[in-house]
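Here is a short briefing for a reader new to this structure. Keep the sequence and the 3D view at hand.

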Amino acid sequence: MAVGAALGVACGLVFWLFNFAYAWLSPIIGGILPGLASVLHPLWYFSGTLAVIILRKPGAAVYVNLVGSAAEMLLGNQFSFGFVFASAALQGVFSELPFALTRYKVFNLPISMASGALVALEYGVYLMLFRYQGVSFLSPRGVIHMVSELVGGVLIAGVMSWYLYKGIAATGALDRFASGRARREA
């Protein structure tokens, strides 16, 4: 629990800092191609995939996402409480699905990428339903948003989380955990 809470708070700080960067970058990237800024959204949801890879327990993604969102909300942001917490819980559930299908026994780059893709799909649809209601799924803006979300989800939430885990494990910080022992044995 304590490691999950610490990971959640660290991710919450990343979310909070990314809020500022996104507010500056989004209009620029969106000005190039409407919907393209969605490629950056995984910086708000990489935590679920990372949590499962490190903690290797059911519910880890939901827990870390909720703690991270609470930390972000305590620091302050421009989003509503309900939007952030509902989104965090859904992101946690979707990021755990590929790992749950393997009964939490397979932890590798392809499963991590599948986790990132599923969260991207969930978050992309969530945004279309609750933030971008005036945008049709099949409009150029909607299609670009969903494709950008999926590309970012695979690369940032999936691949980046996998290599972030490997980097953390290489320091020895995870030696007391199954994820750290698995890294040493590989």
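Predicted model: local features only at pLDDT ≥ 70, side-chain atom pairs only at ≥ 80, totals over all residues.

Residues are numbered from 1 along each chain as its sequence is written, and side-chain values use heavy atoms, without hydrogens and water.

**Aromatic pairs**

- Rings of Phe, Tyr and Trp (its six-membered ring) pair if their centres lie within 6.5 Å; planes under 30 degrees apart count as stacked, over 60 as edge-to-face and the rest as tilted.
- By this rule there are 10 aromatic pairs.
- Phe-18 and Trp-44 are an edge-to-face pair, because their planes stand at 70°, with ring centres 4.7 Å apart.
- This pair links distant parts of the chain, 26 residues apart. Phe-18 is in helix H1 (residues 2-32), while Trp-44 is in the loop between H1 and helix H2 (46-55).
- Helices (H or I, at least four residues) are DSSP runs, numbered from the N terminus.
- Phe-18 is buried at 8% relative accessible area, and Trp-44 is buried at 10%. Buried means under 20% relative accessible area (1.4 Å probe, protein chains only); exposed is over 50%, and partly exposed lies in between.
- Phe-18, Tyr-22 and Trp-44 make up one aromatic cluster.
- Tyr-126 and Phe-130 are a tilted pair, because their planes are at 50°, with ring centres 5.0 Å apart.
- Both residues, Tyr-126 and Phe-130, belong to helix H5 (residues 109-130) and are 4 residues apart, about one turn of the helix.
- Tyr-126 is buried, at 9% relative accessibility.

**Charges over rings**

- A charge sits over a ring if NZ of Lys or CZ of Arg is within 6 Å of the ring centre and within 35 degrees of the ring normal.
- Arg-56 places its charged end over the ring of Phe-107, 4.1 Å from the centre.
- Arg-131 lies over the face of Phe-83, 5.3 Å from the ring centre.

**Helix H4**

- Helix H4 (residues 81-101) has 21 residues and should span 30 Å at 1.5 Å a residue. The expected span is 1.5 Å times one less than the number of residues. The end C-alpha atoms of H4 are 31 Å apart, which agrees.
- H4 bends by about 25° at Ser-95, and Pro-98 follows within four residues. The bend is the angle between axes fitted to the seven residues ending there and the seven starting there.
- Buried residues of H4 include Phe-83, Gln-91 and Glu-96.
- Just after H4, Arg-103 has a positive phi of about 60°.

Notes. Helix = DSSP H or I, 4+ residues; strand = E, 2+ residues; numbered from the N terminus.
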